[in-house]
Amino acid sequence: MAQQILNFIDGMFREPRDGIWIDDVNPATEEVIAGIPDSDSADIDDAVLAAKRAFPAWAATPAAERSRLLLRLADAIEKNLDELARLESIDSGKTLSLARRLDIPRAVANFRFFATAILHDASEAHVTDNAALNYTLRQPLGVVGLISPWNLPLYLLSWKIAPAIAAGNTCVAKPSELTPLTANRLAELSLEAGIPPGVINIVHGLGAKAGRALTRHDDVAAISFTGGTVTGAGVAANAAPRFKKLSLELGGKNPNIIFADADLDDAIATSVRSSFWNQGEICLCGSRIFVERSIHDTFVERFGAAARTLRVGDPLDDLTDLGALISAEHLQKVTRYIELAKEEGGAVVAGGRQVDRKGFFVEPTIITGLGTGCRVLQEEIFGPVVTVTPFDDEAEAIRFANSTRYGLSATIWTRDLQRAHRVAAVIDSGTVWINCWLLRDLRVPFGGMKESGVGREGGFESLRFFTEAKNVCVRL
Ligand code: NDP
(Lines give C-alpha, C1' and ligand atoms only; values in the text may rest on other atoms or scores of the structure.)
Protein backbone atom coordinates (compact mmCIF):
# COMPACT_ATOMS: atom_id res chain seq x y z
CA MET A 1 0.00 0.00 0.00
CA ALA A 2 1.19 3.52 -0.79
CA GLN A 3 2.63 5.52 2.08
CA GLN A 4 0.32 8.03 3.78
CA ILE A 5 1.98 11.43 4.30
CA LEU A 6 0.60 13.60 7.12
CA ASN A 7 0.79 17.29 7.91
CA PHE A 8 3.38 18.26 10.51
CA ILE A 9 1.86 20.71 12.97
CA ASP A 10 3.08 21.57 16.45
CA GLY A 11 5.59 18.72 16.37
CA MET A 12 2.90 16.13 15.57
CA PHE A 13 1.82 14.34 12.44
CA ARG A 14 -1.85 15.01 11.69
CA GLU A 15 -4.43 14.05 9.10
CA PRO A 16 -6.06 16.85 7.09
CA ARG A 17 -9.19 18.18 8.74
CA ASP A 18 -11.32 17.61 5.65
CA GLY A 19 -10.11 13.99 5.37
CA ILE A 20 -9.34 14.41 1.66
CA TRP A 21 -6.18 12.99 0.12
CA ILE A 22 -4.25 13.55 -3.11
CA ASP A 23 -2.23 10.92 -4.99
CA ASP A 24 1.51 11.43 -5.22
CA VAL A 25 2.79 9.84 -8.43
CA ASN A 26 6.27 8.60 -9.34
CA PRO A 27 6.80 10.32 -12.73
CA ALA A 28 9.15 7.59 -13.95
CA THR A 29 6.68 4.74 -13.41
CA GLU A 30 3.31 6.52 -13.15
CA GLU A 31 2.66 4.55 -9.94
CA VAL A 32 0.97 6.15 -6.96
CA ILE A 33 3.62 6.14 -4.25
CA ALA A 34 1.90 8.13 -1.52
CA GLY A 35 -1.29 9.82 -0.47
CA ILE A 36 -0.89 13.38 0.78
CA PRO A 37 -3.32 15.64 2.62
CA ASP A 38 -5.42 17.94 0.46
CA SER A 39 -5.20 20.54 3.20
CA ASP A 40 -7.40 23.60 3.38
CA SER A 41 -7.57 26.82 5.37
CA ALA A 42 -8.47 24.95 8.60
CA ASP A 43 -5.14 23.05 8.49
CA ILE A 44 -3.31 26.28 7.69
CA ASP A 45 -5.06 27.93 10.68
CA ASP A 46 -3.87 25.10 12.94
CA ALA A 47 -0.32 25.37 11.67
CA VAL A 48 -0.20 29.16 11.96
CA LEU A 49 -1.57 28.97 15.49
CA ALA A 50 1.11 26.43 16.47
CA ALA A 51 3.80 28.60 14.90
CA LYS A 52 2.43 31.68 16.67
CA ARG A 53 2.52 29.92 20.05
CA ALA A 54 6.07 28.69 19.48
CA PHE A 55 7.39 32.06 18.35
CA PRO A 56 8.13 33.93 21.63
CA ALA A 57 10.25 31.14 23.10
CA TRP A 58 12.05 30.43 19.82
CA ALA A 59 12.76 34.13 19.18
CA ALA A 60 14.18 34.39 22.72
CA THR A 61 16.36 31.29 22.31
CA PRO A 62 20.01 32.41 22.18
CA ALA A 63 21.53 32.41 18.69
CA ALA A 64 24.14 29.89 19.78
CA GLU A 65 21.40 27.42 20.76
CA ARG A 66 19.40 27.97 17.57
CA SER A 67 22.64 27.44 15.68
CA ARG A 68 23.36 24.19 17.55
CA LEU A 69 19.90 22.79 16.70
CA LEU A 70 20.15 23.73 13.03
CA LEU A 71 23.56 22.10 12.84
CA ARG A 72 22.07 18.94 14.33
CA LEU A 73 19.38 19.02 11.65
CA ALA A 74 22.08 19.42 8.97
CA ASP A 75 23.90 16.41 10.41
CA ALA A 76 20.69 14.37 10.43
CA ILE A 77 20.06 15.19 6.75
CA GLU A 78 23.62 14.26 5.89
CA LYS A 79 23.35 10.98 7.78
CA ASN A 80 20.26 10.11 5.74
CA LEU A 81 21.59 11.42 2.43
CA ASP A 82 21.10 8.20 0.48
CA GLU A 83 17.54 7.70 1.64
CA LEU A 84 16.62 11.35 1.00
CA ALA A 85 18.20 11.27 -2.47
CA ARG A 86 16.18 8.19 -3.31
CA LEU A 87 12.96 9.80 -2.08
CA GLU A 88 13.70 12.92 -4.12
CA SER A 89 14.32 10.82 -7.22
CA ILE A 90 11.17 8.70 -7.06
CA ASP A 91 9.07 11.75 -6.19
CA SER A 92 10.32 14.16 -8.86
CA GLY A 93 11.77 11.96 -11.62
CA LYS A 94 15.24 13.50 -11.26
CA THR A 95 18.20 11.16 -11.42
CA LEU A 96 19.31 9.63 -8.16
CA SER A 97 22.89 10.62 -8.97
CA LEU A 98 21.95 14.31 -9.25
CA ALA A 99 19.93 14.19 -6.03
CA ARG A 100 22.96 12.66 -4.31
CA ARG A 101 25.40 15.15 -5.77
CA LEU A 102 23.31 18.33 -5.80
CA ASP A 103 19.97 18.40 -4.01
CA ILE A 104 20.64 16.76 -0.67
CA PRO A 105 24.19 18.08 -0.09
CA ARG A 106 22.84 21.54 -0.81
CA ALA A 107 20.07 21.09 1.79
CA VAL A 108 22.77 20.17 4.32
CA ALA A 109 24.79 23.23 3.26
CA ASN A 110 21.77 25.53 3.61
CA PHE A 111 21.22 24.54 7.24
CA ARG A 112 24.94 24.73 8.08
CA PHE A 113 25.34 28.06 6.34
CA PHE A 114 22.50 29.85 8.15
CA ALA A 115 23.22 28.09 11.46
CA THR A 116 26.64 29.68 11.46
CA ALA A 117 25.72 32.94 9.70
CA ILE A 118 23.66 34.03 12.71
CA LEU A 119 26.76 33.74 14.87
CA HIS A 120 28.54 36.31 12.71
CA ASP A 121 25.69 38.72 12.06
CA ALA A 122 26.18 42.25 13.34
CA SER A 123 23.91 45.26 13.25
CA GLU A 124 24.87 48.83 12.51
CA ALA A 125 25.19 51.90 14.71
CA HIS A 126 25.09 55.49 13.50
CA VAL A 127 26.40 58.34 15.61
CA THR A 128 24.62 61.64 14.80
CA ASP A 129 27.34 64.22 15.58
CA ASN A 130 27.35 64.72 19.33
CA ALA A 131 23.57 64.58 19.49
CA ALA A 132 22.51 60.94 19.33
CA LEU A 133 23.46 57.34 18.91
CA ASN A 134 21.30 55.23 16.63
CA TYR A 135 21.51 51.50 16.57
CA THR A 136 19.61 48.96 14.51
CA LEU A 137 17.78 46.06 16.04
CA ARG A 138 17.05 43.25 13.59
CA GLN A 139 14.15 41.36 15.06
CA PRO A 140 12.42 38.24 13.75
CA LEU A 141 9.08 38.86 12.06
CA GLY A 142 6.95 36.18 13.73
CA VAL A 143 5.25 33.48 11.67
CA VAL A 144 6.47 33.29 8.08
CA GLY A 145 4.96 31.39 5.15
CA LEU A 146 7.28 29.46 2.84
CA ILE A 147 6.08 28.16 -0.52
CA SER A 148 8.37 26.08 -2.71
CA PRO A 149 8.21 24.28 -6.08
CA TRP A 150 8.79 20.69 -7.19
CA ASN A 151 11.96 20.96 -9.24
CA LEU A 152 14.48 21.12 -6.36
CA PRO A 153 12.19 20.11 -3.50
CA LEU A 154 14.39 19.83 -0.41
CA TYR A 155 17.07 22.14 -1.80
CA LEU A 156 14.62 25.06 -2.14
CA LEU A 157 12.56 24.27 0.95
CA SER A 158 15.69 24.29 3.10
CA TRP A 159 16.85 27.51 1.37
CA LYS A 160 13.81 29.11 3.00
CA ILE A 161 13.36 27.21 6.28
CA ALA A 162 17.01 27.54 7.31
CA PRO A 163 17.29 31.36 7.26
CA ALA A 164 13.72 31.82 8.51
CA ILE A 165 14.17 29.83 11.70
CA ALA A 166 17.85 30.75 12.13
CA ALA A 167 16.71 34.38 12.39
CA GLY A 168 14.24 33.45 15.15
CA ASN A 169 11.00 33.13 13.18
CA THR A 170 8.69 30.16 13.23
CA CYS A 171 7.32 28.93 9.93
CA VAL A 172 4.56 27.24 8.02
CA ALA A 173 5.89 25.65 4.84
CA LYS A 174 3.79 24.48 1.90
CA PRO A 175 5.87 22.27 -0.41
CA SER A 176 4.66 21.46 -3.90
CA GLU A 177 1.95 18.81 -3.80
CA LEU A 178 3.89 16.98 -6.53
CA THR A 179 6.94 16.39 -4.31
CA PRO A 180 6.02 15.98 -0.63
CA LEU A 181 8.32 13.11 0.36
CA THR A 182 11.53 14.83 1.44
CA ALA A 183 9.60 17.61 3.21
CA ASN A 184 7.88 14.91 5.21
CA ARG A 185 11.21 13.27 6.06
CA LEU A 186 12.61 16.67 7.02
CA ALA A 187 9.78 17.02 9.54
CA GLU A 188 10.77 13.70 11.13
CA LEU A 189 14.43 14.67 11.19
CA SER A 190 13.63 18.04 12.77
CA LEU A 191 12.10 16.17 15.72
CA GLU A 192 15.18 13.96 15.99
CA ALA A 193 17.37 17.07 15.93
CA GLY A 194 15.41 18.59 18.81
CA ILE A 195 13.83 21.56 16.99
CA PRO A 196 10.98 22.55 19.34
CA PRO A 197 7.37 21.82 18.31
CA GLY A 198 5.75 24.59 16.30
CA VAL A 199 8.99 26.08 14.97
CA ILE A 200 8.71 24.16 11.69
CA ASN A 201 5.22 23.27 10.47
CA ILE A 202 4.62 21.62 7.12
CA VAL A 203 1.20 21.63 5.49
CA HIS A 204 0.78 19.58 2.31
CA GLY A 205 -1.76 20.27 -0.38
CA LEU A 206 -2.66 22.23 -3.45
CA GLY A 207 -1.28 25.66 -4.13
CA ALA A 208 -4.64 27.11 -5.03
CA LYS A 209 -6.12 25.92 -1.72
CA ALA A 210 -3.55 25.47 1.07
CA GLY A 211 -1.00 27.81 -0.54
CA ARG A 212 -3.58 30.51 -1.11
CA ALA A 213 -4.83 30.26 2.50
CA LEU A 214 -1.26 30.73 3.73
CA THR A 215 -0.68 33.85 1.62
CA ARG A 216 -3.94 35.37 2.89
CA HIS A 217 -3.53 34.54 6.57
CA ASP A 218 -3.56 37.62 8.79
CA ASP A 219 -1.08 36.16 11.30
CA VAL A 220 1.56 35.41 8.66
CA ALA A 221 4.02 38.30 8.55
CA ALA A 222 5.95 37.39 5.41
CA ILE A 223 5.79 35.11 2.41
CA SER A 224 8.85 33.72 0.69
CA PHE A 225 7.70 32.15 -2.57
CA THR A 226 9.58 30.29 -5.29
CA GLY A 227 7.63 29.20 -8.33
CA GLY A 228 6.27 30.33 -11.67
CA THR A 229 5.76 33.98 -12.62
CA VAL A 230 1.98 33.72 -13.08
CA THR A 231 1.56 32.02 -9.69
CA GLY A 232 3.88 34.63 -8.16
CA ALA A 233 1.63 37.43 -9.41
CA GLY A 234 -1.33 35.72 -7.67
CA VAL A 235 0.66 35.32 -4.46
CA ALA A 236 1.57 39.02 -4.55
CA ALA A 237 -2.07 39.98 -5.17
CA ASN A 238 -3.09 38.07 -2.03
CA ALA A 239 -0.20 39.10 0.20
CA ALA A 240 0.26 42.77 -0.74
CA PRO A 241 -3.10 44.12 0.55
CA ARG A 242 -2.28 42.48 3.90
CA PHE A 243 1.09 44.31 3.94
CA LYS A 244 3.16 41.16 4.25
CA LYS A 245 6.83 41.24 3.48
CA LEU A 246 7.22 39.42 0.20
CA SER A 247 10.05 37.70 -1.59
CA LEU A 248 9.32 36.27 -5.03
CA GLU A 249 11.76 33.98 -6.85
CA LEU A 250 10.11 33.35 -10.20
CA GLY A 251 10.66 31.94 -13.67
CA GLY A 252 13.50 32.44 -16.10
CA LYS A 253 14.39 32.25 -19.79
CA ASN A 254 18.09 32.57 -19.35
CA PRO A 255 20.57 33.50 -22.09
CA ASN A 256 23.79 31.53 -22.58
CA ILE A 257 26.03 33.74 -24.73
CA ILE A 258 29.03 32.18 -26.44
CA PHE A 259 31.55 34.48 -28.12
CA ALA A 260 33.91 33.17 -30.82
CA ASP A 261 36.98 33.49 -28.58
CA ALA A 262 35.50 31.22 -25.85
CA ASP A 263 37.08 27.98 -24.74
CA LEU A 264 34.69 25.95 -26.87
CA ASP A 265 35.33 22.60 -25.18
CA ASP A 266 34.43 24.07 -21.82
CA ALA A 267 31.48 26.06 -23.22
CA ILE A 268 30.01 22.96 -24.86
CA ALA A 269 30.51 20.64 -21.88
CA THR A 270 28.99 23.21 -19.51
CA SER A 271 26.16 24.06 -21.93
CA VAL A 272 25.17 20.39 -21.97
CA ARG A 273 24.73 20.63 -18.19
CA SER A 274 23.11 24.06 -18.19
CA SER A 275 20.63 22.90 -20.84
CA PHE A 276 19.75 19.42 -19.67
CA TRP A 277 20.58 18.92 -16.00
CA ASN A 278 17.50 17.90 -14.07
CA GLN A 279 15.72 17.55 -17.46
CA GLY A 280 16.05 21.32 -17.88
CA GLU A 281 13.83 21.78 -14.84
CA ILE A 282 16.10 24.25 -13.07
CA CYS A 283 15.10 27.91 -13.06
CA LEU A 284 18.76 28.76 -13.82
CA CYS A 285 19.09 26.56 -16.92
CA GLY A 286 20.32 28.46 -19.98
CA SER A 287 17.51 27.75 -22.41
CA ARG A 288 18.37 30.42 -25.00
CA ILE A 289 21.83 29.85 -26.43
CA PHE A 290 23.30 32.67 -28.51
CA VAL A 291 26.47 31.86 -30.45
CA GLU A 292 28.70 34.24 -32.42
CA ARG A 293 28.06 33.53 -36.09
CA SER A 294 31.62 32.48 -37.01
CA ILE A 295 31.43 29.47 -34.66
CA HIS A 296 27.68 28.85 -34.78
CA ASP A 297 27.71 25.83 -37.11
CA THR A 298 30.63 24.17 -35.33
CA PHE A 299 28.92 24.75 -32.00
CA VAL A 300 25.61 23.29 -33.19
CA GLU A 301 27.34 20.23 -34.61
CA ARG A 302 29.41 19.50 -31.51
CA PHE A 303 26.70 20.45 -28.99
CA GLY A 304 24.17 18.34 -30.89
CA ALA A 305 26.55 15.36 -30.94
CA ALA A 306 27.08 15.69 -27.18
CA ALA A 307 23.33 15.93 -26.51
CA ARG A 308 22.67 12.80 -28.57
CA THR A 309 24.99 10.79 -26.29
CA LEU A 310 22.90 11.59 -23.20
CA ARG A 311 20.96 8.66 -21.81
CA VAL A 312 17.32 9.20 -20.91
CA GLY A 313 15.74 6.58 -18.69
CA ASP A 314 15.40 5.05 -15.24
CA PRO A 315 16.30 7.82 -12.77
CA LEU A 316 17.58 5.27 -10.28
CA ASP A 317 20.19 3.94 -12.72
CA ASP A 318 23.57 5.60 -12.16
CA LEU A 319 24.23 5.64 -15.91
CA THR A 320 21.15 7.75 -16.65
CA ASP A 321 21.69 11.42 -17.55
CA LEU A 322 18.07 12.60 -17.82
CA GLY A 323 15.20 11.22 -15.77
CA ALA A 324 11.48 11.87 -16.09
CA LEU A 325 9.63 15.19 -16.24
CA ILE A 326 7.51 15.92 -13.22
CA SER A 327 4.02 15.07 -14.52
CA ALA A 328 1.90 14.07 -17.49
CA GLU A 329 0.66 17.65 -17.69
CA HIS A 330 4.19 19.04 -17.80
CA LEU A 331 5.22 16.47 -20.41
CA GLN A 332 2.35 17.68 -22.55
CA LYS A 333 3.40 21.29 -22.10
CA VAL A 334 7.01 20.55 -23.09
CA THR A 335 6.10 18.49 -26.16
CA ARG A 336 3.61 21.16 -27.23
CA TYR A 337 6.46 23.68 -27.24
CA ILE A 338 8.53 21.35 -29.45
CA GLU A 339 5.60 21.23 -31.90
CA LEU A 340 5.24 25.00 -31.67
CA ALA A 341 8.94 25.40 -32.47
CA LYS A 342 8.37 23.53 -35.73
CA GLU A 343 5.27 25.60 -36.50
CA GLU A 344 7.30 28.76 -35.88
CA GLY A 345 9.83 27.57 -38.50
CA GLY A 346 12.48 26.01 -36.24
CA ALA A 347 14.58 22.96 -37.08
CA VAL A 348 14.96 20.20 -34.49
CA VAL A 349 18.65 19.23 -34.70
CA ALA A 350 18.66 16.84 -31.73
CA GLY A 351 15.94 14.98 -29.83
CA GLY A 352 12.44 16.32 -30.24
CA ARG A 353 10.44 13.30 -29.16
CA GLN A 354 8.78 11.82 -26.14
CA VAL A 355 10.56 8.62 -25.15
CA ASP A 356 8.54 5.51 -25.86
CA ARG A 357 8.25 4.01 -22.38
CA LYS A 358 6.10 4.31 -19.30
CA GLY A 359 6.62 7.58 -17.47
CA PHE A 360 7.09 11.16 -18.60
CA PHE A 361 10.32 11.21 -20.59
CA VAL A 362 11.48 13.60 -23.33
CA GLU A 363 14.71 13.53 -25.32
CA PRO A 364 17.18 16.38 -24.87
CA THR A 365 16.10 18.71 -27.65
CA ILE A 366 17.95 21.40 -29.59
CA ILE A 367 16.17 23.79 -31.92
CA THR A 368 17.75 26.18 -34.41
CA GLY A 369 16.46 28.71 -36.89
CA LEU A 370 14.12 30.71 -34.64
CA GLY A 371 14.16 34.47 -34.10
CA THR A 372 14.15 36.03 -30.66
CA GLY A 373 10.52 37.14 -31.01
CA CYS A 374 9.21 33.56 -31.33
CA ARG A 375 7.14 32.22 -28.45
CA VAL A 376 9.65 29.40 -27.99
CA LEU A 377 12.31 32.02 -27.19
CA GLN A 378 9.98 34.15 -25.09
CA GLU A 379 8.14 31.70 -22.84
CA GLU A 380 9.56 29.50 -20.11
CA ILE A 381 9.38 25.84 -21.19
CA PHE A 382 11.12 24.40 -18.12
CA GLY A 383 12.13 21.19 -19.85
CA PRO A 384 15.07 19.74 -21.82
CA VAL A 385 14.50 22.07 -24.78
CA VAL A 386 16.95 24.77 -25.85
CA THR A 387 17.30 27.02 -28.84
CA VAL A 388 20.54 28.07 -30.55
CA THR A 389 20.59 31.41 -32.38
CA PRO A 390 23.55 33.12 -34.11
CA PHE A 391 24.54 36.74 -33.37
CA ASP A 392 26.84 39.09 -35.26
CA ASP A 393 28.38 41.32 -32.62
CA GLU A 394 28.40 42.21 -28.93
CA ALA A 395 25.58 44.74 -29.26
CA GLU A 396 23.34 42.18 -30.91
CA ALA A 397 24.16 39.55 -28.28
CA ILE A 398 23.12 41.99 -25.54
CA ARG A 399 19.94 42.93 -27.38
CA PHE A 400 19.01 39.27 -27.84
CA ALA A 401 19.81 38.44 -24.21
CA ASN A 402 17.62 41.27 -22.93
CA SER A 403 14.72 40.59 -25.29
CA THR A 404 12.44 38.74 -22.83
CA ARG A 405 10.37 39.80 -19.84
CA TYR A 406 12.51 37.57 -17.62
CA GLY A 407 15.80 38.40 -15.91
CA LEU A 408 16.97 35.61 -13.65
CA SER A 409 20.44 34.51 -14.75
CA ALA A 410 22.81 34.68 -17.71
CA THR A 411 26.02 32.99 -18.78
CA ILE A 412 28.79 34.58 -20.85
CA TRP A 413 31.57 32.63 -22.53
CA THR A 414 34.62 34.63 -23.67
CA ARG A 415 38.35 34.88 -23.01
CA ASP A 416 38.14 38.69 -23.26
CA LEU A 417 37.64 39.72 -19.63
CA GLN A 418 36.97 43.36 -20.41
CA ARG A 419 34.15 42.33 -22.68
CA ALA A 420 32.88 39.88 -20.09
CA HIS A 421 32.60 42.61 -17.44
CA ARG A 422 31.13 45.07 -19.95
CA VAL A 423 28.41 42.65 -21.05
CA ALA A 424 27.70 41.44 -17.49
CA ALA A 425 27.00 45.02 -16.41
CA VAL A 426 24.25 45.56 -19.00
CA ILE A 427 22.50 42.19 -19.00
CA ASP A 428 19.11 42.34 -17.28
CA SER A 429 19.58 39.53 -14.82
CA GLY A 430 20.06 38.91 -11.13
CA THR A 431 23.02 36.58 -11.63
CA VAL A 432 25.66 36.53 -14.38
CA TRP A 433 28.11 33.65 -14.70
CA ILE A 434 31.27 34.22 -16.71
CA ASN A 435 32.85 31.05 -18.11
CA CYS A 436 30.93 28.87 -15.65
CA TRP A 437 27.40 27.93 -14.64
CA LEU A 438 25.63 27.17 -11.37
CA LEU A 439 28.70 28.00 -9.37
CA ARG A 440 26.90 29.10 -6.23
CA ASP A 441 28.31 30.81 -3.16
CA LEU A 442 25.61 30.94 -0.48
CA ARG A 443 26.77 34.40 0.63
CA VAL A 444 25.88 36.16 -2.62
CA PRO A 445 22.56 37.89 -3.32
CA PHE A 446 20.21 35.69 -5.34
CA GLY A 447 17.08 36.73 -7.19
CA GLY A 448 15.64 37.98 -10.42
CA MET A 449 15.01 41.21 -12.29
CA LYS A 450 11.93 42.08 -14.35
CA GLU A 451 9.35 39.27 -14.17
CA SER A 452 11.83 36.83 -12.63
CA GLY A 453 11.24 38.11 -9.15
CA VAL A 454 11.16 40.73 -6.47
CA GLY A 455 13.74 40.93 -3.70
CA ARG A 456 16.91 39.01 -3.02
CA GLU A 457 17.68 35.98 -0.90
CA GLY A 458 21.04 34.43 -0.03
CA GLY A 459 23.50 35.21 2.75
CA PHE A 460 22.68 38.27 4.80
CA GLU A 461 19.98 39.22 2.25
CA SER A 462 17.95 36.24 3.51
CA LEU A 463 18.54 37.14 7.15
CA ARG A 464 17.48 40.70 6.39
CA PHE A 465 14.35 39.53 4.62
CA PHE A 466 13.39 37.42 7.62
CA THR A 467 13.94 40.25 10.12
CA GLU A 468 12.50 43.69 10.69
CA ALA A 469 15.03 46.49 11.05
CA LYS A 470 14.18 48.79 13.94
CA ASN A 471 16.13 51.95 14.58
CA VAL A 472 16.64 52.97 18.21
CA CYS A 473 17.77 56.55 18.70
CA VAL A 474 19.33 57.57 22.05
CA ARG A 475 20.03 61.24 22.77
CA LEU A 476 23.59 61.78 23.91
P1 NDP B 1 4.17 26.94 -9.37
O2 NDP B 1 4.19 28.42 -9.45
O3 NDP B 1 3.10 26.21 -10.06
O4 NDP B 1 4.12 26.46 -7.85
C5 NDP B 1 5.05 26.88 -6.88
C6 NDP B 1 4.47 26.65 -5.49
O7 NDP B 1 3.36 27.54 -5.31
C8 NDP B 1 3.91 25.24 -5.29
O9 NDP B 1 4.10 24.84 -3.96
C10 NDP B 1 2.45 25.45 -5.60
O11 NDP B 1 1.65 24.45 -5.04
C12 NDP B 1 2.21 26.80 -4.96
N13 NDP B 1 1.04 27.53 -5.45
C14 NDP B 1 0.34 27.37 -6.60
N15 NDP B 1 -0.70 28.22 -6.66
C16 NDP B 1 -0.67 28.97 -5.52
C17 NDP B 1 -1.47 30.02 -4.99
N18 NDP B 1 -2.53 30.50 -5.64
N19 NDP B 1 -1.15 30.54 -3.79
C20 NDP B 1 -0.06 30.09 -3.12
N21 NDP B 1 0.73 29.08 -3.56
C22 NDP B 1 0.44 28.53 -4.75
O23 NDP B 1 5.61 26.49 -9.85
P24 NDP B 1 6.12 25.04 -10.11
O25 NDP B 1 5.96 24.24 -8.86
O26 NDP B 1 5.51 24.56 -11.39
O27 NDP B 1 7.69 25.29 -10.29
C28 NDP B 1 8.25 25.67 -11.49
C29 NDP B 1 8.48 27.16 -11.55
O30 NDP B 1 9.30 27.58 -10.47
C31 NDP B 1 9.21 27.58 -12.80
O32 NDP B 1 8.59 28.72 -13.33
C33 NDP B 1 10.59 27.93 -12.29
O34 NDP B 1 11.28 28.86 -13.09
C35 NDP B 1 10.30 28.46 -10.95
N36 NDP B 1 11.48 28.41 -10.12
C37 NDP B 1 12.11 29.57 -9.79
C38 NDP B 1 13.28 29.54 -9.04
C39 NDP B 1 13.98 30.80 -8.65
O40 NDP B 1 14.81 30.73 -7.75
N41 NDP B 1 13.69 31.94 -9.26
C42 NDP B 1 13.87 28.28 -8.61
C43 NDP B 1 13.11 27.12 -9.01
C44 NDP B 1 11.95 27.19 -9.73
P45 NDP B 1 1.19 23.22 -5.96
O46 NDP B 1 2.39 22.63 -6.58
O47 NDP B 1 0.58 22.33 -4.97
O48 NDP B 1 0.25 23.79 -6.96
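Here is a short chat about a predicted model of a protein and its ligand.

Visitor: How many helices and strands does the protein have?
Guide: Let's start with the overall build of this predicted model. Counting both kinds of element, the protein has 15 helices and 23 strands.

Visitor: Why can the protein be called as compact as a globular protein of its length?
Guide: The globule rule gives 23 Å for 476 residues. The protein's C-alpha trace spans about 70 × 65 × 40 Å along its principal axes. The protein is as compact as a globular protein of that length because its radius of gyration is close to the rule's value, at 23 Å.

Visitor: Which residues are closest to the ligand?
Guide: The ligand is surrounded by 32 residues. They divide into 14 nonpolar, 13 polar and five charged. The closest are E177, T231, L250, C283 and E380.

Visitor: How much of the ligand's accessible area does the protein cover?
Guide: On its own, the ligand has 890 Å² of accessible area. The part of this that the protein covers is 87%.

Visitor: Which element gives the most to the shell around the ligand?
Guide: The elements that give two or more residues are α7 (207-215), β11 (222-226) and α8 (229-239). The one that gives the most, with five residues, is α7.

Visitor: Is G251 buried or exposed?
Guide: You'll find G251 in the loop between β12 (245-249) and β13. Leaving aside neighbours within four places in sequence, G251 is in contact with G227, T229, E380, Y406, L408 and S452. Its relative accessibility is 2%, and the cut-off for buried is under 20%. So G251 counts as buried.

Visitor: Which backbone oxygen does the side chain of Q378 reach at 2.7 Å?
Guide: Q378 lies in helix α12 (residues 375-378). Not counting residues up to four places away in sequence, Q378 touches K253, T372, G373, S403, T404, R405 and Y406. Its side chain reaches the backbone oxygen of S403 at 3.0 Å. The one reached at 2.7 Å is the backbone oxygen of T372.

Visitor: Which elements do the buried residues of α13 pack against?
Guide: Six of the eight residues of helix α13 (residues 394-401) are buried, so the helix is largely enclosed by the rest of the structure. The buried ones are E394, E396, A397, I398, F400 and A401. They pack against β13 (255-258), β14 (288-292), β17 (385-391) and α14 (417-426).

Visitor: Which residues is I268 in contact with, leaving aside its neighbours within four places in sequence?
Guide: I268 is found in helix α9 (residues 264-276), and at 6% relative accessibility I268 counts as buried. A306 is 38 residues from I268 in sequence, with 8.2 Å between the two C-alpha atoms. The contacts of I268 are F299, R302 and F303.

Visitor: How far apart in space are V474 and N134, C-alpha to C-alpha?
Guide: V474 sits in strand β23 (residues 467-475) and counts as partly exposed, at 36% relative accessibility. Not counting residues up to four places away in sequence, V474 touches A131, A132, L133 and Y135. V474 and N134 are 340 residues apart in sequence, yet in space their C-alpha distance is 6.2 Å.

Notes: Residues are numbered from 1 along each chain as its sequence is written. This is a predicted model: local features need pLDDT of at least 70, side-chain atom pairs count only at pLDDT 80 or more; totals for chains, interfaces and linings use all residues. Side-chain values use heavy atoms; hydrogens and water are left out. A residue is near a molecule or strand if one of its heavy atoms lies within 4 Å of it. Accessible areas come from the Shrake-Rupley method with a 1.4 Å probe; for residues, only the protein chains shown count as cover. Helices (H or I, at least four residues) and strands (E, at least two) are DSSP runs, numbered from the N terminus. Ala, Val, Leu, Ile, Met, Phe, Trp, Tyr, Cys and Pro count as nonpolar, Asp, Glu, Lys and Arg as charged, and the others, Gly among them, as polar. The radius of gyration is taken over C-alpha atoms; the globule rule is 2.2 Å times the number of residues to the power 0.38. A polar contact is a pair of N or O atoms within 3.5 Å; within protein, one must be able to donate a hydrogen and the other to accept it, and residues adjacent in sequence count only if both atoms are side-chain atoms. Contact means heavy atoms within 4.5 Å. Buried means under 20% relative accessible area, exposed over 50%, partly exposed in between (1.4 Å probe, protein chains only).
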